[in-house]
Amino acid sequence: MAAHEIVDSVEEGFRVVRLRAPDAGVDAAFVPALSMLGTSLRLGDAELLYRSGSLAQVAAERKLQGIPILHPWANRLEGDRFRVAGTSVAFDRGDDLVVRDGNGLPIHGLLLGAVAWDEVERHADADEARLVSRFAFGPGTAAYARFPFAHDITLAVRLCGTRLEFATTLRATGDRPVPVAFGFHPYFRLPDEPRADWLVALPVRRRLLLDERMIPDGRSEACAVPLAPLGARRFDDGFADVDPGARFLLQGRRLRLAVTFDSGFPYAQVYAPPGRDCICFEPMTAPANALISGDGLRLLAPGESFRAVWTIHLEPLG
């Protein structure tokens, strides 16, 4: 059995760290200088991540693609002000660190684009390739100035054959509680197969109802999304009560891609826009707008840690 590998390379002037499982034919790439963005996931010759621009565009425009982490909140906030555990936060409308959606609402946190993470560990052997990186929100940093809750966030990415695991640990390092509302926004694709033919199954039971700004309005409804062709369907939906171990499926003729929400992610967003050959199964620790609504929001006491895990499983068919 060939050992797993970790290889450094350069793409568009950025250092790329690749985790490889030669026997399984899997290669996963990450860019520490772009907030540990996952830029590639290959099984043999098949690229399974959707990219819509260059790494320079990611850095300059904070363009979403690949596998970005969304922190300190995922999805949208309904305004520029919130108060959590006695701490008030207000964003400047002209702040270029705050990304906004088409309605001008803050979206996807503060770590998109050219945000460098520190590598703290790498290891490869016959069983796995593991890369661990950390980003600190501390006094004196630009991120802390916008989100004044001192904490570290650590991402451990582990490739074991055809399984790619993402384990995120948030640790409160200051003297005030830290809200937990992070998530991920992976963009998946099945190359050389028409979008309409992709089979999709969502292990969900409760859909959050949204207002015209895509903000949860406090209501929900029962739902079921069994395995069926994606066809002309579109998704931009939030879901609650996702069970630990829930398995989201994207299946084609030659490959089944499963995403499991292993622990710590009771909410999901599923995004499949019309006219784009991608679908996103987004693990979320809290629903959209949780920093303002308080719904589903966890608080870490000083010194406390929180860990959440999700995994991509690649299952060749036939």
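This is a predicted model: local features need pLDDT of at least 70, side-chain atom pairs count only at pLDDT 80 or more; totals for chains, interfaces and linings use all residues.
**View 1. C280 is a buried cysteine.** The relative accessible area of C280 is 0%, so this residue counts as buried. Which cysteine sulfur is closest to the sulfur of C280? That sulfur belongs to C278, and it lies 5.0 Å away. A disulfide needs two cysteine sulfur atoms within 2.5 Å, so the sulfurs of C280 and C278 are too far apart for a bond.

**View 2. C160 is another residue to check against the cut-off.** Is C160 buried or exposed? With a relative accessibility of 16%, C160 counts as buried. While you are looking at cysteines, how many disulfides does a search of the whole structure find? The search finds zero.

**View 3. The largest pocket holds about 300 Å³ of space.** Its lining is made up of 19 residues. Which of them lie nearest the centre of the pocket? They are L64, I107, H108, H185 and Y187. Sorted by class, the lining of the largest pocket has eight charged, six nonpolar and five polar residues.

**View 4. The second largest pocket holds about 170 Å³ of space.** Look along its lining and you will meet L43, A46 and L48, then L190, P191, D192 and E193, and also R254, L255 and P316.

Note on methods: Residues are numbered from 1 along each chain as its sequence is written. Side-chain values use heavy atoms; hydrogens and water are left out. Buried means under 20% relative accessible area, exposed over 50%, partly exposed in between (1.4 Å probe, protein chains only). On a 1 Å grid over the protein atoms alone, a cavity is a set of points where a 1.4 Å probe fits but cannot get out, and a pocket is an open set with protein on both sides within 12 Å along at least five of seven lines; lining residues have an atom within 4 Å of a point. Grid points are joined across faces, edges and corners, and a volume is the space filled by probe spheres set on the points. Ala, Val, Leu, Ile, Met, Phe, Trp, Tyr, Cys and Pro count as nonpolar, Asp, Glu, Lys and Arg as charged, and the others, Gly among them, as polar.
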